[in-house]
Amino acid sequence: MSRAIQPTRRKLSFPVVTITTDFGELDHYVAAMKIVLLQHCPTARLIDVTHFTPPQDVLRGSITLERAIAAAAPGTIHLAVVDPGVGSERKLIVAEIDGQFVVGPDNGLVTWAWRMHGGGRAFEITWRPKEAASNVFHGRDIFAPVAGMLASGKPLKALARPLKGDPILLDLAPVSKGKTKGKVIFIDHFGNATTNLPCALVPKDRIICVHVKNRLIGPLRKCYSDVIHGEPLVLIGSSDLLEIAIRDGSAAKLLHINVGDEVEIV
Amino acid sequence: MSRAIQPTRRKLSFPVVTITTDFGELDHYVAAMKIVLLQHCPTARLIDVTHFTPPQDVLRGSITLERAIAAAAPGTIHLAVVDPGVGSERKLIVAEIDGQFVVGPDNGLVTWAWRMHGGGRAFEITWRPKEAASNVFHGRDIFAPVAGMLASGKPLKALARPLKGDPILLDLAPVSKGKTKGKVIFIDHFGNATTNLPCALVPKDRIICVHVKNRLIGPLRKCYSDVIHGEPLVLIGSSDLLEIAIRDGSAAKLLHINVGDEVEIV
Amino acid sequence: MSRAIQPTRRKLSFPVVTITTDFGELDHYVAAMKIVLLQHCPTARLIDVTHFTPPQDVLRGSITLERAIAAAAPGTIHLAVVDPGVGSERKLIVAEIDGQFVVGPDNGLVTWAWRMHGGGRAFEITWRPKEAASNVFHGRDIFAPVAGMLASGKPLKALARPLKGDPILLDLAPVSKGKTKGKVIFIDHFGNATTNLPCALVPKDRIICVHVKNRLIGPLRKCYSDVIHGEPLVLIGSSDLLEIAIRDGSAAKLLHINVGDEVEIV
C-alpha cells in the first residue's frame with residue numbers, strides 16, 4: 001500500500017492540504033486545526049474549501065469535498081470534518097480516492113467522491129495523540145495531526161490499517177445511464193441548483209429541456225449570457241452536472257427550488 | 001514589454017497573488033481556483049481580498065480590487081473574477097497597473113484601479129487550456145492558470161497580446177480638483193461610507209463639513225474617537241478618500257446612507 | 001529580553017502568524033494587512049483565526065485570541081486588531097504570553113490570554129512607519145509591519161520598550177477554585193455556550209449538573225452523542241471549560257442563552 005503512495009507525496013515540497021468543515025469562521029476552530037497541522041508539516045499549502053457547510057450537514061459536505069478532489073492532483077490531502085458524532089463510536093478514517101487522501105470521520109462524508117470517482121480504498125486511523133484527545137474536537141487532536149503527518153510524507157500504514165468493507169455511504173448517487181429522473185443535490189452561493197444528472201445523460205442529437213417544479217426549462221444553454229437578464233436556463237455546470245440557473249439572479253429564490261426537488265430530462 | 005516586467009517577478013521566490021471574487025465561501029469555487037493556481041506556482045502566497053462581493057457587482061469588486069493594488073508592491077498579481085458574462089464574447093484580459101498585474105474579465109472590473117492609478121496597459125489573454133474550458137468557470141480554467149503562470153515567471157507575451165484600446169471602464173471616477181460634489185461609492189463591513197472625494201480636495205486652511213442626506217456632518221475629524229459614542233463624523237479614511245462614519249456604530253444603518261447617495265464638501 | 005526570545009524565532013523558517021480581527025471579509029482590510037506583513041516576512045505562515053468578531057467587541061476578541069494562543073507553540077506571533085480606539089491616545093503593545101507574542105492595541109484584547117496563562121510581559125511599540133500612518137488603520141500601518149518584523153526575527157527591543165505596569169485588562173476571568181458560580185462568556189458558531197467554569201472545578205467523585213436559565217442540565221457528559229437528538233447537555237468543551245450544548249442543535253437559540261447569563265455547578 002505505502003509503496004504506491006510514497007513516491008508521489010515525497011516529491012512534493014509544498015504539499016496541498018484542503019480543508020472542508022462546518023465550523024464557520026466565527027471561532028478559533030479552523031485556526032486550531034491549521035496551527036496543529038503546520039506543526040507536523042510547516043510547508044503544507046492550506047486551502048480552505050469551505051467552513052460554511054450547514055452545521056452537521058454531512059451530505060452537503062460530501063458534495064463540496066468531491067469538488068475539491070475533482071480539482072486536485074494525486075497526492076493531495078483533504079482534511080474533511082463535518083462530525084456530529086465526534087467522541088462516539090464512529091470510526092476515524094483515511095479514504096484514498098484517485099490517489100488523493102481524505103482524512104475525516106466515517107459518517108458518509110466521502111459518499112459523493114466515492115460514487116463519482118469509482119470508489120477507492122479506506123483505512124481506519126489507529127494513530128492517537130500521546131495526551132488524551134478532547135472528546136469534542138477530533139479535528140484538532142487527531143484529524144489535523146494525521147493530515148499533517150501524511151502531508152509531511154509519513155507512510156499511511158504507520159497511521160492507519162485497512163478498513164474492513166467500504167466506508168459508510170449515504171443515499172446519494174449520480175443518476176445512471178438510461179435514466180432521466182434525478183433531483184437537486186446542491187444550491188450554491190449564487191442560487192444555482194445543481195442536479196445529480198451527469199451531462200453524459202444528455203443525448204447529443206436531441207434538444208432537451210429540464211422539468212422542475214412544474215416548469216419546463218430549456219433548451220440546454222452554454223452559458224448564463226445565452227438568455228436575457230432574469231430568465232431561467234439549464235446548462236452544464238462546472239461540475240459536469242446539469243444545473244438550473246437564472247441569469248444575474250438566484251434560481252433557488254425565484255423558482256423556489258430546494259435540495260431534494262425532483263428534476264427530469266425531457 | 002516582457003523585458004521591463006520579468007526582472008521584478010523573477011526575483012520573487014514567494015510571489016504574492018491576491019484573489020477578489022463574488023464566489024462567496026459556501027462552495028468549492030475559490031478552492032478550485034487556488035488548487036489550479038498552485039499547480040502552476042507552488043510557492044505563490046495567496047491572499048484572499050474578498051469573496052463576498054455582492055453577486056455580479058462589478059463596480060463594488062472594482063473598488064475592493066483597487067485597495068488591494070494600493071497596498072501591494074510591483075510584481076504582485078491580482079486574480080479578480082466577478083464575471084457575470086462568463087462564456088460570452090467578453091474578452092479575458094491582463095491589465096498592468098503600477099507594475100502590478102490584474103487577471104480577469106474585461107467588464108469594467110479594473111475601472112477604479114485604472115482611474116486612481118493613472119491608467120496602465122491592457123493585454124488580451126490568448127492562452128487557452130488544452131482541454132476545453134468550462135463555459136461557466138473561466139476562473140478555474142483560464143484566469144487561475146494564467147495568474148499562476150505569471151506568478152511563476154512566465155512572460156506575459158507568451159500568454160497575452162496587447163489589447164486594442166483601453167479595457168472597458170465603468171462610470172466611476174474620483175472627483176477632480178476644483179469640484180466639491182461627489183457620491184458614496186462603498187459601504188464597508190462597519191457601515192462606514194466611503195465617497196469618491198479624495199482628501200486632496202480638502203482645503204488646508206479652511207474647516208469643512210460634508211453634506212449628505214440633508215444632514216451636515218463636520219468638522220473634519222482625525223479618528224473615530226474624536227467624537228463621542230454614537231456620534232456621526234467625517235474623516236479621511238484609510239483610502240485617502242472622505243469617509244462618513246459613526247463612532248462605534250454603522251453610519252449606513254443609522255444615517256440611512258446608500259451607495260450612490262450624493263455628498264458635497266461645504 | 002531579546003536574548004531569551006531570539007533563538008526560538010530564528011530557528012523557524014516558516015514562522016506562524018495568526019490574525020484575529022473584527023474587520024469582516026467584505027472589504028480589503030485583512031488583505032491589506034497580510035500584503036504588508038508578507039513584505040516584511042515573505043515566508044510567514046498566515047492563519048486567520050477570525051475576522052467575524054462582532055465590531056468593536058474587544059471581550060469576544062479576547063477569548064478567541066486566547067484559543068489561538070492555547071493551540072500554538074512558543075515563538076508564534078498573533079496579530080490581533082479589534083481597535084475601536086484607533087488613532088486615539090490608546091497605546092500599541094506587544095504582549096509576551098507563554099513565549100508567544102500578541103501584537104495589537106492596549107485595550108483589553110489580551111485579557112483572557114493573560115488571565116488563563118498566568119500573565120506575561122508587556123511592551124509598548126515604539127516603531128513608527130517613515131510615512132505618516134493612517135489615523136484609522138494602524139492594523140495595516142503599524143501592527144502588521146511590527147508582526148512581520150518580529151516574524152522575520154527582528155529583536156523585540158528594536159521595536160518596543162517595556163510597558164510600565166500590566167496591559168489593560170477587562171472584567172473577565174476564569175472562576176477560581178472553591179467557587180461554583182460563573183457565567184456564559186462565549187456563544188460559538190454551533191450555538192454552544194462556553195462558560196468561565198474551568199473543568200478543574202468539577203469534583204472527580206461526584207455527579208454534577210449545571211444550573212442555567214432556571215433549568216438544570218446534567219449529569220456531565222463526554223460528547224454530544226451521549227444524549228439523543230435535540231437534547232441539551234453539559235460537557236467539557238475543547239477549551240477545558242464547561243460548555244452547554246444541544247445535540248445537533250443550537251443551545252443559544254433553543255435555551256435562549258446569552259453571553260453574561262449566570263451558571264452554577266450543582
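Visitor: How much space lies in the largest cavity?

Guide: This is a predicted model, where local features need pLDDT of at least 70 and side-chain atom pairs pLDDT 80 or more, while totals for chains, interfaces and linings use all residues. Residues are numbered from 1 along each chain, chains are lettered from A and ligands numbered from 1 as written, and side-chain values use heavy atoms, without hydrogens or water. A cavity is a set of points on a 1 Å grid where a 1.4 Å probe fits but cannot get out. The space in the largest is about 690 Å³.

Visitor: Which residues are closest to the centre of the largest cavity?

Guide: Its lining has 39 residues. The closest to the centre are A:K34, A:D48, B:K34, B:D48 and C:D48.

Visitor: How many residues of α2(B) are buried?

Guide: Buried means under 20% relative accessible area (1.4 Å probe, protein chains only). B:Y29 and B:K34 are among the buried residues of α2(B). The helix is mostly covered, and of its 12 residues the buried number 10.

Visitor: How far apart are the end C-alpha atoms of α2(B)?

Guide: Helix α2 of chain B covers residues 29-40. At 1.5 Å a residue, its 12 residues should span 16 Å. The end C-alpha atoms agree with that, at 18 Å.

Visitor: Which helix of chain B has 14 residues?

Guide: This helix covers residues 58-71 and reaches 20 Å from its first C-alpha to its last. Because 12 of its 14 residues are buried, it is largely enclosed by the rest of the structure. B:R60, B:E66 and B:R67 are among those buried. The helix is α3.

Methods:
Helices (H or I, at least four residues) and strands (E, at least two) are DSSP runs, numbered from the N terminus. The expected span of a helix is 1.5 Å times one less than its number of residues. Buried means under 20% relative accessible area, exposed over 50%, partly exposed in between (1.4 Å probe, protein chains only). On a 1 Å grid over the protein atoms alone, a cavity is a set of points where a 1.4 Å probe fits but cannot get out, and a pocket is an open set with protein on both sides within 12 Å along at least five of seven lines; lining residues have an atom within 4 Å of a point. Grid points are joined across faces, edges and corners, and a volume is the space filled by probe spheres set on the points.
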